[in-house]
Amino acid sequence: MEDVYYTPQEFTPKLLFQENVKADRSNEDLLFQVMLSLGIELSSKIETQQIAGKTVHLVDENYLAACFDSDVNETVITEIAQLQPVYFVMRDASAATDNVIDNFEQLFRHYSPDTNCRII
């Protein structure tokens, strides 16, 4: 993640919408960071599959599902939710539209209410 430190004088609302992931980071870099932050061992089994044309990382038999691709839409979110992972993580910048961010919690509540969802 980018190191971001702003004083109140430097802060503007536009800064809220800047990319927060360092430009040279791969999806695997993000996945390993998420795994460490959730206390998941890096030796856990990681599978990668295509869901509605997007790369989804499944860790430890669907314990964690993570998607960091761009243009993630409701179809992708629905299919991931139907897998009923314990955790789901995606990048804020991954959402195809603002509606995806608004709707993904509802989709998970419907298909997998116990999933802990996080946006980085």
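Let's begin with Glu105, which is partly exposed, with a relative accessible area of 44%. That label comes from a simple scale: buried is under 20% relative accessible area, exposed is over 50%, and partly exposed is in between, using a 1.4 Å probe and protein chains only. Before going on, keep in mind that this is a predicted model, in which local features need pLDDT of at least 70 and side-chain atom pairs count only at pLDDT 80 or more, while totals for chains, interfaces and linings use all residues. Residues are numbered from 1 along each chain as its sequence is written, and side-chain values use heavy atoms, with hydrogens and water left out.

Who does Glu105 pair up with? Its side chain meets that of Arg109 in a salt bridge, at 3.7 Å from N to O. The term means that a side-chain nitrogen of Lys or Arg is within 4 Å of a carboxyl oxygen of Asp or Glu. In general, side chains of opposite charge can pair when their charged atoms come close. Arg109 counts as exposed, at 54% relative accessibility. Both partners belong to helix α3, and since they are four residues apart there, about one helical turn separates them. An α-helix has 3.6 residues a turn, so residues three or four places apart point the same way.

Now look at α3 itself, residues 98–111. Helices (H or I, at least four residues) and strands (E, at least two) are DSSP runs, numbered from the N terminus. How far should the 14 residues of α3 span? At 1.5 Å a residue they should span 20 Å, and the end C-alpha atoms are 21 Å apart, which agrees; the expected span is 1.5 Å times one less than the number of residues. The helix also bends by about 30 degrees at Phe104, where the bend is the angle between axes fitted to the seven residues ending there and the seven starting there. Phe104 is also one of the buried residues of α3, along with Val100, Leu107 and Phe108. What covers them includes α2 (74–82), β4 and β5.

Those two strands deserve a look too. β4 (residues 87–90) and β5 (residues 116–119) run parallel and are joined by four bridges; two strands pair if DSSP finds at least two bridges between them. For instance, Phe88 has Cys117 in β5 as its bridge partner. Right-handed means that, with the strands pointing away from you, the path from the first strand over the helix to the second runs clockwise.

On the way from β4 to α3 there is a loop, and Ser94 is found in it. Is Ser94 buried or exposed? It is buried, with a relative accessible area of 1%. Leaving out residues up to four places away in sequence, Ser94 touches Cys67, Phe68, Asp69, Ser70, Asp71 and Val72, where contact means heavy atoms within 4.5 Å.

Time to find the other charged pairs, as a search of the whole structure finds three salt bridges. Lys45 forms one with Glu47, the closest N and O atoms being 3.3 Å apart, and another with Glu61, at 3.9 Å from N to O. Glu61 lies in the loop between β2 (54–59) and β3 (64–67) and Lys45 in the loop between α1 (27–37) and β1 (46–51), so this pair ties together parts that are 16 residues apart in sequence. That makes a network of salt bridges linking Lys45, Glu47 and Glu61. Lys45 is partly exposed at 48% relative accessibility, as is Glu47 at 34%, whereas Glu61 counts as exposed at 60%.

Most residues other than glycine have a negative phi. Asn62, also not a glycine, has a positive phi of about 70 degrees. Asn62 is found in the loop between β2 and β3 and counts as partly exposed, at 22% relative accessibility.

Finally, zoom out. The protein chain has three helices and five strands, following the pattern α-β-β-β-α-β-α-β along the sequence. Of its 120 residues, 35% are buried. Among contacts with a separation of 6 or more, 48% are between residues 24 or more positions apart.
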